[in-house]
Amino acid sequence: MATTQQVTSSSSSVASGKSKDKKSQEEIYAEFQQLRNQQRNLINNLNTLEMDLKEHKTVIDTLKTVEPGRKCFRLIGGVLCDQTVEVVLPQLVQNKEQLEKLIETGKDQITKKGVEINQFKDEHNIKIRGQDTTPAANSDKENADDKSAASGTRNVLVGNL
């Protein structure tokens, strides 16, 4: 009877160990997805800043061709303000410079996040479908392609088995 209790208790600890492993895998997956979502958000913010920078450059180029005393309108926080070109142009140039700095810091953040994601993938041995993980396989394919091109047999498909 004692052996039956030991077997049941050990099997229940094994079952609970499996659920802990499964939960940790789920947590790892969730954390990985969170990192990827953070990277996507950074990229979206960077794209928005780049569009704003492009708009600023277009407006600055347009206003440079206009006489400085001419009246122009500027939308500030949802309020349309009546100003002159000579007042608005320096403000736009300053905003453009700040946008350029923000874009540079955004690119740095995206790079750091990519490094963080790659380290996380390496730590937890995460493999993404559709990505070739062995660089040696790529070089073998390139060498096979080079050999087939040199021999003139371009219609033959060679694959690694």
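**Reading salt bridges in a predicted model**

Author: Start with one pair. Asp-82 and Lys-71 form a salt bridge through their side chains, 3.8 Å from N to O. The pair ties distant parts of the chain together: Asp-82 sits in strand β2 (residues 79-84), Lys-71 in strand β1 (residues 71-76), 11 residues apart. Keep in mind that this is a predicted model.

Reader: Why does the 3.8 Å contact between Asp-82 and Lys-71 count as a salt bridge?

Author: The rule asks for a Lys or Arg side-chain nitrogen within 4 Å of an Asp or Glu carboxyl oxygen. The Asp-82 and Lys-71 pair, at 3.8 Å, qualifies.

Reader: How many salt bridges does the rule give?

Author: The count is 3. Among them is a bridge between Lys-96 and Glu-100, at 3.7 Å, N to O. Another joins Glu-116 to Lys-113, at 3.4 Å, N to O.

Reader: Where do Lys-96 and Glu-100 lie?

Author: Both are in helix α2 (residues 85-124), 4 residues apart, about one turn of the helix. Glu-116 and Lys-113 also lie in helix α2, 3 residues apart, again about one turn.

Reader: Is Lys-113 buried or exposed?

Author: Buried means under 20% relative accessible area. Lys-113 has 13%, so Lys-113 counts as buried.

Reader: What about Lys-71: buried or exposed?

Author: Exposed means over 50%. Lys-71 reaches 53%, so Lys-71 is exposed. Asp-82, at 47%, counts as partly exposed. Glu-100 is partly exposed too, with 31%.

Methods. Residues are numbered from 1 along each chain as its sequence is written. This is a predicted model: local features need pLDDT of at least 70, side-chain atom pairs count only at pLDDT 80 or more; totals for chains, interfaces and linings use all residues. Side-chain values use heavy atoms; hydrogens and water are left out. Helices (H or I, at least four residues) and strands (E, at least two) are DSSP runs, numbered from the N terminus. Buried means under 20% relative accessible area, exposed over 50%, partly exposed in between (1.4 Å probe, protein chains only).
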